[in-house]
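I am opening a page for a structure that is new to me, and I will write down what I look up as I go.

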Amino acid sequence: MSEQAQHNEHAHHIVSPVVYVIILFSLLVGTALTVWASYVDLGIWNPILAIAIACTKATLVVLFFMHVKYSSKLTMLTVGAGIFMFLTLISMTLADYISRAWGSW
Amino acid sequence: MSDSPTIAQVAPEADHHEHPPYLRHHFESTEQQADAAGFAMWLFLLTEVMFFGGLFTAYLIYRNWYYPAFVAASHQLSIPLGGFNTLLLITSSFTMAMGVWCAETRRKSGLVLCLILTFILGLGFLGVKTVEYREKIEMRHVPGFHFSLQSFTHPDKTNSATKNDLPLADDMARHTELYFSLYFAMTGMHALHMIIGIAILGFMIFRAQAGAYTSGHVTFVENFGLYWHFVDIVWIFLFPLLYLISRH
């Protein structure tokens, strides 16, 4: 019964506009940061930093704009499983390309 | 609950007036209905993740293979235009999120305003994209018969983005066409998603004015919001990968 009540609470959770404004500003700061970082020569770290900032921004969007932080466990599991599957596929593909015929392209 | 035929006949009739009109009969409750719709929307978005993921993977592998060509080709993109578009899209995601909040708290005029703002910001994004595409056409950077290697075999020394570029040999320079193929495939697919989203937004603005989403049934707005935010996330990755990471 209490689980049912908790479940209903999840379905009705309304995210406050204050949270949305904070996320908007975080995303804008992230964008400014990634543009600024692209002009600084960090060598190999340039793409890594850019992707790290992009992942952070995407996580903020998924958790707050897309309400996953306030969603049911089923939604969280679905999103988590999907991202895990995506990362598995991409890393296996890249591992294959990196380890095969190294440098002979 | 009883086996009695009299009750069994009366019960559905009584049920029929207890639930809101938007509750479909194969769901037990509005919560279950909303959960099922949200779950399905996420499954759809995951297929989209896989779809764009394939394009991103192709881009990463070819970038590693033909690194000099990809670096030189990416210098042809405008960071100010790309950055401005990121700004537009992030703000549109915010107005969309506010739209969902307005629907949840039953603010009809607020919802209509948010949807219109999202609509305008989306159109603005496509407008900037058109400017960028037109420049690619003028520079003959669209893959195909008219593709020109001129900018890569003889880099423009007067342009601040390309003044430090070394001229590429013909066999490497021709791989810039691959960069632009992926550029148009990825940004084009993204733009197609935007166009579909904007079309649905137009439909939603009229429905919202009629009060369709502010009477407690917010599933459509909520799930469209998920779609719109997903399109935003794709751009969050496209912008650094296509525009930013090859500036050195």
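Against which helices do the buried residues of helix 5 of chain B pack? I looked this up first, keeping in mind that the model is predicted, and I found that they pack against helix 4, helix 8 and helix 9 of chain B. The buried residues of helix 5 of chain B are B:Leu111, B:Val112, B:Cys114, B:Leu115, B:Thr118, B:Phe119, B:Leu121, B:Gly122 and B:Phe125. I then checked the length of this helix: its 31 residues, at 1.5 Å a residue, should span 45 Å, and its end C-alpha atoms are 45 Å apart, which agrees. After helix 5 of chain B comes B:Arg140, and I noted that its phi is positive, near 55 degrees.

I next followed B:Leu115, which, leaving aside residues up to four places away in sequence, touches B:Gly99, B:Leu201, B:Met204, B:Ile205 and B:Ala208.

I turned to chain A and looked at how helix 2 and helix 3 of chain A pack, which they do at an angle of about 170 degrees with their axes 10 Å apart. That angle makes helix 2 of chain A roughly antiparallel to helix 3 of chain A, because angles over 145 degrees count as such. The residues of this contact divide into 11 nonpolar, six polar and one charged.

My last stop was the contact between the chains, which takes 39 residues from chain A and 38 residues from chain B. On the side of chain A that touches chain B, helix 4 of chain A gives the most, with 11 residues, and by class I noted 26 nonpolar, 11 polar and two charged residues on that side.

Not counting residues up to four places away in sequence, A:Thr75 touches A:Val68, B:Gly38, B:Phe39 and B:Trp42.

Note on methods: Residues numbered from 1 in each chain as written. Chains lettered and ligands numbered in written order. Predicted model: local features only at pLDDT ≥ 70, side-chain atom pairs only at ≥ 80, totals over all residues. Contact = placed C-beta atoms within 7 Å. Helix = DSSP H or I, 4+ residues; strand = E, 2+ residues; numbered from the N terminus. Nonpolar A, V, L, I, M, F, W, Y, C, P; charged D, E, K, R; others polar. Axes fitted to C-alpha atoms, helices over the stretch in contact; angles between N-to-C directions. Parallel < 35°, antiparallel > 145°, perpendicular 65-115°, else oblique. Expected span 1.5 Å × (residues − 1). Buried ≥ 20, exposed ≤ 12 C-beta atoms within 10 Å, placed from the backbone.
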